[in-house]
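Biologist: I have a new model open on my screen and would like to learn how to read it. Could you walk me through it, feature by feature?

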Amino acid sequence: MKRIGVFTSGGDSPGMNAAVRAVVRTAIYREIEVWGIYYGYKGMINGQLERLNSRSVGNIIQRGGTILKSARSKEFMEKAGRKKAFENLKKHEIDGIVAIGGNGTFTGAQLFFEEFGIPTVGMPGTIDNDLYGTDFTIGYDTAVNTALQAVDKIRDTADSHDRIFFIELMGRDSGYITMYTAIAGGAELAMVPETKTSIAEVVETLVSSQKKGKASSIIIVAEGDEEGNALEVIEKVKKAMPAPCPMRVAILGHIQRGGAPSAADRILASRLGVAAVDGLLSGKQSCMAGIINNQIVYTPFADCISKQKNWPEDLNNMIQVLSI
Ligand code: F6P
């Protein structure tokens, strides 16, 4: 292997830059040429590639977002798009790829490898933490810390006004950000797509909190909860409460995707960047580098995209115990 490409794809996450830096510098250290592919699969199709050197990735370890930009490409989902992408890689004599992203990125990478055989090693870059094959994804820790800062602030105003707050956090299909933020933020309840929480349970929690003398309460709702988003949940709860009480919604949105990566995310990104390049050089072909129990593990893309990480059921109960 003489020349590799690296790209970021799907929703960006804090730490992607640290990941790109680690890939570029490890490759150069191992005397491999490295090219940045801009805008993920979209740029691969459009030929937006540029050779990178050690200085191209200087002063980015602390920056959120991704210097390589990111996109979700519909064209790459078609065989014709993937063929164009392959031709561009061939033209640039790229013989290995590091793909940084989430589920969608690896679904594309697996197909691409099956069709065109370019070895690809992935790195888990998503705030959602929903990838099988790694304990944590790059960006998750930062997103939780960002959400937590917001929850702490909302708690102040909730307390001053004796209000109930429904705080919506990101995660269309994943409740990890919600669950961790709820624990760290001392919330009364976390509503996540992985487990069912009925409106009756929410009402019961709020009523019992009031009986115990709590003047304000915080419920964290993942955007993909089956009862709906926070705006839908609040309407249902208002109708079901035995007596009206002041309630508000706060939706954090894309704030969770930005900001300087935490130390944990920078370290994770750095370790996985080295592992991704070394994996490629040792013959790994269609898998993701992750860390499980502090050990580097390579998991086939097929498993990363089809298998579900074990949801930590005990954490739901813990929130209830700790919020009595
Ligand atoms: O996958 C990361 C994520 O931030 C999800 O939590 C969220 O549902 C989605 O991306 C939002 O995507 P977009 O930025 O395209 O609106």
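This is a predicted model: local features need pLDDT of at least 70, side-chain atom pairs count only at pLDDT 80 or more; totals for chains, interfaces and linings use all residues.

Biologist: How many salt bridges does a search of the whole structure find?

Modeller: The search gives 13 of them. One joins Arg 3 to Glu 33, at 2.6 Å from N to O. Arg 3 belongs to strand S1 and Glu 33 to strand S2, so this pair ties together parts 30 residues apart in sequence.

Biologist: And where do Lys 196 and Glu 227 lie?

Modeller: Both are in loops: Lys 196 between strand S7 and helix H7, Glu 227 between strand S8 and helix H8, so their pairing ties together parts that are 31 residues apart in sequence. Their closest N and O atoms are 3.3 Å apart. Lys 196 is exposed, at 53% relative accessibility, whereas Glu 227 is buried, at 12%. These two also belong to a network of salt bridges with Glu 226 and Lys 236.

Biologist: What about a pair within one helix, such as Glu 235 and Lys 238 in helix H8?

Modeller: Those residues are three apart, about one turn of the helix. They form a salt bridge with a closest N to O distance of 4.0 Å. Glu 235 is partly exposed at 41%, and so is Lys 238 at 43%.

Biologist: Now the domains. How much area do domain 1 and domain 2 bury between them?

Modeller: The size of an interface is often given as the accessible area lost when the parts come together. For these domains that is about 990 Å², 50% of it on carbon and sulfur atoms. On the domain 1 side, Asp 12, Ile 127 and Asp 128 lose the most area, together 43% of what that side buries. The rule finds one salt bridge across this interface.

Biologist: Which residues make up each domain?

Modeller: The assignment gives 3-139 + 261-306 for domain 1 and 142-257 for domain 2. Their C-alpha centres are 34 Å apart.

Biologist: Last one: which residues form a nonpolar patch on the surface?

Modeller: Look at Met 318, Val 321 and Leu 322, which together have about 290 Å² of accessible area. Leu 322 is part of helix H11 and is exposed at 63%.

Notes. Residues are numbered from 1 along each chain as its sequence is written. Side-chain values use heavy atoms; hydrogens and water are left out. Patches are made of residues with over 30% relative accessible area and no salt bridge: like charges are joined within 9 Å, nonpolar side chains (Val, Leu, Ile, Met, Phe, Trp, Tyr) within 5 Å. Accessible areas come from the Shrake-Rupley method with a 1.4 Å probe; for residues, only the protein chains shown count as cover. A salt bridge is a side-chain nitrogen of Lys or Arg within 4 Å of a carboxyl oxygen of Asp or Glu. Helices (H or I, at least four residues) and strands (E, at least two) are DSSP runs, numbered from the N terminus. Buried means under 20% relative accessible area, exposed over 50%, partly exposed in between (1.4 Å probe, protein chains only). Domain bounds come from an automatic or database domain assignment. Buried area is the accessible area (1.4 Å probe) that two parts lose on being put together, summed over both.
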